[in-house]
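Keep the structure open beside you as you read.

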Amino acid sequence: MIGGGQLYAEAIGRADRLYITHVDATPPGDTRFPEIDPAAWRAVSREAIPAGEKDSAATEFVVYERI
């Protein structure tokens, strides 16, 4: 799902699994994905991806499942 902050907030309550790319950066702007509550979600896999030659930030791809 791609959308704005409001769309994310409405949809996260219906999801059983999240595929999230965490970016090690703080870009300007006001749209954010809702906080992933560790009491409701557990990471089942994660892959660290270092910043490449043309990247400005490292990323981490994480799959979460609802507890």
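Phe33 is partly exposed, with a relative accessible area of 32%. Please keep in mind that this is a predicted model. The structure holds two aromatic pairs.

Where do the two residues sit? Tyr8 belongs to helix H1 (residues 5-12), while Phe33 is in the loop between E1 and E2, so their pair ties together parts that are 25 residues apart in sequence. Tyr8 is buried, at a relative accessible area of 17%, because the cut-off for buried is under 20%.

## The pair of Tyr19 and Phe61

Now turn to the rings of Tyr19 and Phe61. Their centres are 6.4 Å apart and their planes are at 25°, so this pair is stacked; the angle has to be under 30 degrees for that. Tyr19 lies in strand E1 and Phe61 in strand E3, so the pair links parts that are 42 residues apart in sequence.

How accessible are these two? Tyr19 is exposed, with a relative accessible area of 53%, whereas Phe61 counts as partly exposed at 29%.

## Strands that pair with E3

Which strands pair with E3? Strand E1 (residues 17-23) pairs with E3 (residues 59-66) in the antiparallel sense, over seven bridges. Here Phe61 turns up again, as the bridge partner of Thr21.

Strand E2 (residues 41-49) also runs antiparallel to E3, and eight bridges join them. For Ala48, the bridge partner in E3 is Glu60.

Notes:
Residues are numbered from 1 along each chain as its sequence is written. This is a predicted model: local features need pLDDT of at least 70, side-chain atom pairs count only at pLDDT 80 or more; totals for chains, interfaces and linings use all residues. Side-chain values use heavy atoms; hydrogens and water are left out. Two strands pair if DSSP finds at least two bridges between them. Helices (H or I, at least four residues) and strands (E, at least two) are DSSP runs, numbered from the N terminus. Rings of Phe, Tyr and Trp (its six-membered ring) pair if their centres lie within 6.5 Å; planes under 30 degrees apart count as stacked, over 60 as edge-to-face and the rest as tilted. Buried means under 20% relative accessible area, exposed over 50%, partly exposed in between (1.4 Å probe, protein chains only).
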